[in-house]
Amino acid sequence: MHVVPGLDVLSLGIPVVPVSTRIENGTADLAPISSARWLGQYAVLGLGDAARTTADLPRERECVLSLPTPEPADAVDRLALTTGRPDVPRRRAKQGHRYEPEKCAAAHLTEQPSELVRAPRVAECPVPPECRVVAAHRLGGPGAHATAFQAEAPRTHVEEGLVTPGTHHVDPDGWDPLIMKFCEFHGGGHRLRPSRPADGRNTPHQRPGGERTARTGTA
Ligand SMILES: Cc1cc2nc3c(=O)[nH]c(=O)nc-3n(C[C@H](O)[C@H](O)[C@H](O)COP(=O)(O)O)c2cc1C
């Protein structure tokens, strides 16, 4: 039987992807997102207008999507309340966001030069596809202040031990992506830690005893 619980969040379990872009002064920005989907060699990335990355991608037309395992979850979370925008939007500042010009260093992650694009890879992330942005679509509708970017991945690096020997495939048993479920990080089927932007939201982990309540309604 289906119910209509009036879900606050539809992030029911999707990989987290730190997106690196080169910025005008030659340094790099790094923005974790969870709105990334793959279609063959293409990715579709959903980015809100408040992010610096949303402004930089149409100009740079390049990025790296450094797919992490659960190990760097703490590092990814260190990026959660940071932005590469010196003009931190007021609403974000009130939520605790701060300007951070050196995202990788702030997260304790290591930049590694890419081969085809100027944006760096993240060395701690075992699958970092180098991407070119080929299209951008404004998302319409009330309350939608976001862009869907289409990126193609002409070169995807994979940590050697994750390639199934003799194939062009990632070993599905060895590959354990860092997952965002609701507002929490998960890996290996387990809850790892809450994400900092979850603070102040009515997310399951914040309820006493981890209680999962549902607002039910009828279809
Ligand atoms: C786990 C996680 C997932 C996120 N997912 C998205 C997302 O899908 N789209 C988005 O626009 N922002 C997302 N964010 C927020 C961005 O990381 C945030 O806007 C950040 O300030 C962007 O950095 P920038 O302003 O330097 O580009 C997410 C943050 C975290 C921690």
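Student: Which strand gives the most to the shell around the ligand?

Tutor: Strand 3 does, with four residues. Helices (H or I, at least four residues) and strands (E, at least two) are DSSP runs, numbered from the N terminus. Strand 3 covers residues 28-33.

Student: Before we go on, what kind of model is this, and how are residues numbered?

Tutor: This is a predicted model, in which local features need pLDDT of at least 70 and side-chain atom pairs count only at pLDDT 80 or more, while totals for chains, interfaces and linings use all residues. Residues are numbered from 1 along each chain as its sequence is written, and side-chain values use heavy atoms, with hydrogens and water left out.

Student: How many helices and strands are in the chain?

Tutor: The chain has four helices and 15 strands. Four of these elements each supply at least two residues of the shell around the ligand: strand 3, strand 5, helix 1 (52-60) and strand 7 (82-83).

Student: Which residues come nearest to the ligand?

Tutor: A residue is near a molecule if one of its heavy atoms lies within 4 Å of it; the same test applies to a strand. There are 21 residues around the ligand, and Asp-29, Ser-35, Thr-53, Thr-83 and Arg-92 come nearest.

Student: How do I read polar contacts there?

Tutor: A polar contact is a pair of N or O atoms within 3.5 Å; within protein, one must be able to donate a hydrogen and the other to accept it, and residues adjacent in sequence count only if both atoms are side-chain atoms. Take Arg-92: an N or O atom in its side chain is 2.6 Å from an oxygen atom of the ligand. For Lys-103, a side-chain N or O atom is 2.8 Å from a ligand oxygen. Gly-84 uses a polar backbone atom, 2.7 Å from an oxygen atom of the ligand.

Student: How much of the ligand does the protein cover?

Tutor: Accessible areas come from the Shrake-Rupley method with a 1.4 Å probe; for residues, only the protein chains shown count as cover. On its own the ligand has 630 Å² of accessible area, and the protein covers 91% of that.

Student: Which residues of helix 1 are buried?

Tutor: Buried means under 20% relative accessible area, exposed over 50%, and partly exposed in between (1.4 Å probe, protein chains only). In helix 1, the buried residues are Arg-52, Thr-53, Thr-54, Asp-56, Leu-57 and Glu-60. Just after the helix, Arg-61 takes a positive phi of about 55°. Across the chain of 219 residues, 42% are buried.

Student: How do strands pair?

Tutor: Two strands pair if DSSP finds at least two bridges between them. Look at strand 12 (residues 146-156). It pairs with strand 5 (residues 42-48) in the antiparallel sense over seven bridges. Strand 11 (residues 129-139) also pairs with strand 12, antiparallel, over nine bridges. Follow Gln-150: Val-44 stands opposite it, and Ala-135 has it as bridge partner.

Student: Where are the hairpins?

Tutor: Strand 11 and strand 12 form one, with six residues between them, and Gly-141 in the turn has a positive phi of about 105°. Strand 4 and strand 5 form another, with two residues between them. Four bridges join that antiparallel pair, and Leu-39 has Tyr-42 as its bridge partner.

Student: What is a nonpolar core?

Tutor: In soluble globular proteins, nonpolar side chains tend to be buried together. Here a core is a set of buried Ala, Val, Leu, Ile, Met, Phe, Trp, Tyr and Cys residues joined through side-chain atoms within 4.5 Å. The largest has 19 residues; Val-17, Ile-33, Leu-45, Leu-47, Cys-63 and Leu-65 have the most contacts inside it. Strand 2 (17-22), strand 5, strand 6 (62-65), strand 11 and strand 12 each supply at least two of its residues. Apart from it lies another core of eight residues, including Leu-30 and Ala-107.
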